[in-house]
Amino acid sequence: VNRRAQAIVMVLFGGAILRASLTDVYLRYVKESLRPFLIAAGLLLLAAAAMTLYYELRSGGEDGHGHGHHEPRIGWLLILPALGVLLIAPPALGAYAAGQSGTALAAAQVESEFSPLPPGDPVPLSLMEYATRAVFDQGRTLDGRELRLTGFISPAPDGRPMLTRMTVACCAADGRPIKVGLSGMAVDAPVDTWVHVIGVYSSRVEPDPVNRADVPYLEVTSWQQTTAPRRPYE
Amino acid sequence: VINSESATAEPVAATPETPEPDSWRIGSLEWLAVVLVLLLLVRNRLAGWLSGPGLQTWTTVFVSVMVQAVPFLVFGVVLSAVIAVFVPRSFWARALPNHPALAVPAAGMAGVILPGCECGSVPIAGSLIRRGVTPAAALAFLLAAPAINPIVLTATVIAFPGQPQMAVARGLASLVVAVAMGWLWLRLGRSEWIRLPRRPELDDGSRARAFWAACRHDVMHAGGFLVLGAAAAATINVAVPESWLQSLAAEPVLSVLALATLAVLLSICSEADAFVAASLSQFSLTSRLVFLVVGPMVDLKLISMQTGVFGRRFAARFAPATFVAAVLAGAGVGTVVW
């Protein structure tokens, strides 16, 4: 790779990072808190590309040093992630990834005392919140309330749909699903569609087939298809 | 088009140094343009080809690992360029103890103050060696920096609520491995195993020019190897379902080896691996500690980057030795604590 081509590769790579972090695309891959660092890294890459071109054009491509040697060829590979972001922009992790790992409930931080839910019905709750309250507090704070959960559909081992959301600690490579089983009204949405589900606490708990951790259930009273939220991960 | 640009390039020891013929031929810039135009033409079909759920998940994980690593890579590269260009050699002589055996633990402790992923510490360690720091100390720093910095230890405390001994055991075992590997290098290491790329542009011309040349070179070089590692990690992530592992969880020795191998293959960044370890709840705490000690020191993307920066002969010896040391230290500390 000669230096001008290297500069182009750096422009593509830095530009891809900048474009992803200036739109919401980066939220499919990493946490929101990484955004300022992504923007800074993208700008630095563009600056390095600009300075490479500047020195290259000023010296006319001949600085008299290191004749007859290669630049690192491996650098070509950097156009793969750049094009991955610019051309494909793969979607956030979905049902396929969720089916491969066990529910993240085992890693959940368990409070000793669960505070009462905020007023209003239905109460919007994250899947993690519902699952920890249902499993570790036997649903004491959930009983008698109308609850609204948002997630995507993934298939349970018994073939019925399960409500799922991925949690991410750092990037999608460490993404773990939180699964909530659905009983009551049948939710017949295809796999990977996002839904709002309204329902009440159910005491039913089944083991996750992958890691045997507890998967709580929700008794569905109504549901509605929706679009993917801005932040796909919890 | 005259091929003069690539003829002025500086050498890289990892690739054979064959002279480019000074002739008219199509250069890399033209190839790049052709590839980009072709890709733009098939752009709409591209998404269709990648629509299978496994392949799509692979692409998502691959892109995520790269996006996550970019800030750490770029800041590591900039810091290593600053070390290579602006920090005088005499600084390291004054900052580190003169005796190499003492410089190793000092460099290991210095890792505590550099928060960052492992992707940044590889080029930094290369720069340190180039600036005259004894390789043993630079290697101790390389191993310690991603494993025992405050961000990683805080993440470990959060991931294991009610078990602060996990973070303590992790810091302790990681420091032991880093220092032990430094001392082992002093006894057994040979300097000819490390082949740092020659970098003539660092020694002449203006400092600003040398700085940007170092940045460009390291981004392209370390970044390229990072792409290889990210692709391997994404493949493992998609191809190995977690249920395979669960059958090993009951065996005490096998579970340690299984999670140590998983840490190498998954190549999760050190700030996140504690959360993954916490969710592997069927495994013993000792085997999960081994997972946390091995991961930041030996994994696919690190091996790939070390091969690029230090040479194949180095990586082929250093990575397996570190793996053994990390498994022993993790298992040892785990047995004492639990």
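Is A:Arg230 buried, exposed or partly exposed, and what is its relative accessibility? A:Arg230 counts as partly exposed, at 44% relative accessibility; buried means under 20% relative accessible area, exposed over 50%, and partly exposed in between, with a 1.4 Å probe and protein chains only.

First, a word on what you are looking at. This is a predicted model, in which local features need pLDDT of at least 70, side-chain atom pairs count only at pLDDT 80 or more, and totals for chains, interfaces and linings use all residues. Residues are numbered from 1 along each chain as its sequence is written, chains are lettered from A and ligands numbered from 1 in the order in which they are written, and side-chain values use heavy atoms, with hydrogens and water left out.

Let us begin with chain B. Its secondary structure comes to 17 helices and zero strands; helices (H or I, at least four residues) and strands (E, at least two) are DSSP runs, numbered from the N terminus. Of the 338 residues in chain B, 57% are buried. Take its contacts (heavy atoms within 4.5 Å) between residues at least 6 apart in sequence: 80% of them join residues at least 24 apart. Chain B exposes about 13400 Å², and carbon and sulfur atoms supply 69% of that area, as given by the Shrake-Rupley method with a 1.4 Å probe, where for residues only the protein chains shown count as cover.

Now for the charged pairs. Over all chains, the whole structure has 10 salt bridges, each a side-chain nitrogen of Lys or Arg within 4 Å of a carboxyl oxygen of Asp or Glu. In chain B, B:Arg170 pairs with B:Asp273, with 3.0 Å between the closest N and O atoms. This pair links distant parts of the chain, 103 residues apart: B:Arg170 sits in helix α10 (residues 164-188) and B:Asp273 in helix α14 (residues 273-279). Both ends are buried, B:Arg170 at 0% relative accessibility and B:Asp273 at 2%.

Back in chain A, salt bridges that share partners join A:Asp24, A:Glu32, A:Arg230 and A:Arg231 into one network. Within it, A:Glu32 forms a salt bridge with A:Arg230, the closest N and O atoms being 2.8 Å apart. A:Glu32 lies in the loop between α1 (3-22) and α2 (35-58), while A:Arg230 lies in the segment after β6 (214-226), so the pair ties together parts that are 198 residues apart in sequence. A:Glu32 also bridges to A:Arg231, with closest N and O atoms 2.6 Å apart. Here A:Glu32 is partly exposed at 31%, and A:Arg231 is partly exposed at 43%.
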